[in-house]
Amino acid sequence: PSTKIYYSIKEEGLVTLKVYDVLGKVVTTLVNENKAEGNYEVDFNASELPSGMYIYSLQAGDFLESRKMLLMK
């Protein structure tokens with residue numbers, strides 16, 4: 001149970017990519033560093049997590065977006 005999350009950054013700055021459970025608890029932080037403008041991918045290995053709904057949130061500067069993902073084992 002792993003996947004790749006792809007994202008693009010329009011300008012250099014601090015980027016954070018976190019995964020939350022449905023109760024809002026941070027499960028893991030995949031990215032928390034300064035990134036240059038460009039396209040990126042990050043591996044998310046969920047082998048230690050139970051099946052269920054998770055939310056990942058990307059923040060880069062003023063931009064913030066969250067999406068749902070379903071983990072099925």
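Is lysine 4 buried, partly exposed or exposed? With a relative accessibility of 38%, lysine 4 counts as partly exposed (buried is under 20% relative accessible area, exposed over 50%, partly exposed in between, with a 1.4 Å probe and protein chains only).

## Ground rules

This is a predicted model, where local features need pLDDT of at least 70, side-chain atom pairs count only at pLDDT 80 or more, and totals for chains, interfaces and linings use all residues. Residues are numbered from 1 along each chain as its sequence is written, and side-chain values use heavy atoms, leaving out hydrogens and water.

## Lysine 4 and its partners

Lysine 4 sits in strand β1, residues 2–9 (strands are DSSP runs of E, at least two residues, and helices are runs of H or I, at least four, numbered from the N terminus). Leaving out residues up to four places away in sequence, lysine 4 touches Glu41, Val42 and Asp43 (contact means heavy atoms within 4.5 Å). Phenylalanine 44 is 40 residues from lysine 4 in sequence, with 6.0 Å between their C-alpha atoms.

Glutamate 41 makes a salt bridge to lysine 4, with the closest N and O atoms 3.2 Å apart (a side-chain nitrogen of Lys or Arg within 4 Å of a carboxyl oxygen of Asp or Glu). That pair links distant parts of the chain, strand β4 (residues 38–45) and strand β1, 37 residues apart. Aspartate 43 also has a salt bridge with lysine 4, at 3.0 Å from N to O. Aspartate 43 lies in strand β4 and lysine 4 in strand β1, so this pair ties together parts 39 residues apart in sequence. Glutamate 41 is partly exposed at 47%, while aspartate 43 is exposed at 52%.

## The rest of the salt bridges

The structure holds four salt bridges. One of them joins glutamate 65 and arginine 67 at 2.9 Å, N to O. Shared partners join Lys4, Glu41 and Asp43 into one network.

Aspartate 21 belongs to strand β2, residues 13–21. What about its charge? Aspartate 21 is buried yet has no salt bridge, and the nearest side chain of opposite charge, lysine 25, is 5.7 Å away (Lys and Arg count as positive, Asp and Glu as negative; His and chain ends are not counted). The aspartate 21 side chain does reach the backbone nitrogen of leucine 23, at 3.0 Å. Setting aside neighbours within four places in sequence, aspartate 21 is in contact with Val27, Met53 and Tyr54.

Definitions and conventions: Polar contact = N/O pair within 3.5 Å; in protein donor to acceptor, adjacent residues only side chain to side chain.
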